[in-house]
Amino acid sequence: MKKLKKSFEQISGKLKSLHKELLAAAGKIHSLELLSEELLNVVNFDQVRDSLEEHGPIVVLSGFVPEPEMEKIASAAKSHGWGFLADDPDEEEDVPVLLKDNRFTRMIKPLFDFLGVVPGYRELDVSGAVLVFFTIFYSIIIGDAGYGVIFLLLAIFGNMAAKKHPVLKLPMRLLMILSVATIVWGALCGSWFSMEFIPGTKKAFPALECFKNFATDTAKQANVQLFCFILAVAQLSTGRIWKALRERNWRSTGEHLGWILIIWGNFFLTVRLIVYPGEFPVFMYYLYGAGLLLVMLCGVRWNQVVDVFQFPFNIIGSFTDVLSYIRLFAVGLAGACIAGSFNNMAFDVCQVSKYLLPAGVLVVLIGHGLNLILAMLSVLVHAVRLNTQEFS
């Protein structure tokens, strides 16, 4: 027993020592990252140097060149009398990617860095489209102008701090865009900390009834649901059009056009099933018919068993892709439920006695703080998913 106790104490002492070493090393992570980048540059240089092949008086150098720089290389080769041969990389080659952004698309970079998402050599750079749609999704999920004001203030202070800490510059600019969009959406919905603001009324926030009104107002809910499905059609159609323009062949164009028609058919089907129940419009069947015909002619390789087997599942998947955008409405409504419930609890506490006002304030602060945390987690789960899965 004594030996076990002594052994346990020794191991505990070693663990404490290792813990201190890890804490000391944690402060040097940035330096290690810089060193790693320098070593990677050295490795890349050595790879280029080792690719030099000598054939008597002839020296051969091979490597990757960004396509926009090809003309410069060709001009230099011509002026120096070099032999020059250019070819596209093979499918199995690990090709470095040169990304060129602008002041607009650069805004979404903090999100991509956080997710570790980088477009591959043969993939589209969807930064601009993701920024637009992610901003809209964010504003719907947060859904409250009061929350938007809080985030905007944080972004302003963070932008001021970015003068001393430049690493904060892009994240704070992104947060500022997202906050303004949230304020606009919340103001359009009349929601300020889940309290309805009605201009011209004596009470600025007669809200403690706001959530009840929203929860029972099917017209308001239907409008938001319809907007979510419009976003689905807009984003998914944009992806198809973009890919068709990039591939530029009749077969690919026919396939993507077919899927666009199917997506629009899914839109009208979903609207009639969920938003405004009623008879299906006749043109919906024409959209499905034309879309299925184009996809079967241009998109399905009938000599491939996998294509034939997956075709019906792809059709079902296209419907679920459109349907999945309802999550924006559902998550926004859930946030309104939570905040409204805490508002009502605080109101009930204050009704008991005026001396319980501090307790009521505490309930509101805790409730809205919890709701903000849940809303941010929802953004990471749902808004990111719609861009990285359904769209991309």
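Modeller: Start with exposure: buried means under 20% relative accessible area, exposed over 50%, and partly exposed in between (1.4 Å probe, protein chains only). L377 is partly exposed, with a relative accessible area of 47%, and it is in helix α14. This is a predicted model, in which local features need pLDDT of at least 70 and side-chain atom pairs count only at pLDDT 80 or more, while totals for chains, interfaces and linings use all residues. Residues are numbered from 1 along each chain as its sequence is written, and side-chain values use heavy atoms, leaving out hydrogens and water.

Biologist: Which residues make the nonpolar surface patch?

Modeller: Nonpolar side chains (Val, Leu, Ile, Met, Phe, Trp, Tyr) are joined within 5 Å, like charges within 9 Å. Here F114, L115, V117, L370, I373, L374, L377, L380 and V381 make a patch of about 780 Å². Its largest share, 6 residues, comes from α14.

Biologist: Which residues gather in the patch of negative charge?

Modeller: Asp and Glu count as negative. The patch holds E67, D87, D88, D90, E92 and E93. D90 lies in the loop between α3 (70-80) and α4 (109-115).

Biologist: How many Å should helix α7 span?

Modeller: The expected span is 1.5 Å times one less than the number of residues. For the 21 residues of α7 (residues 169-189) that gives 30 Å, and the end C-alpha atoms are 30 Å apart, which agrees. Among the buried residues of α7 are L178 and W185.

Terms used: Patch = residues over 30% accessible without salt bridge, like charges linked within 9 Å, V, L, I, M, F, W, Y side chains within 5 Å. Areas by Shrake-Rupley, 256 points an atom, 1.4 Å probe, with all protein chains shown as cover. Salt bridge = Lys/Arg side-chain N within 4 Å of Asp/Glu carboxyl O. Charge placed at Lys NZ, Arg CZ, Asp CG, Glu CD. Helix = DSSP H or I, 4+ residues; strand = E, 2+ residues; numbered from the N terminus.
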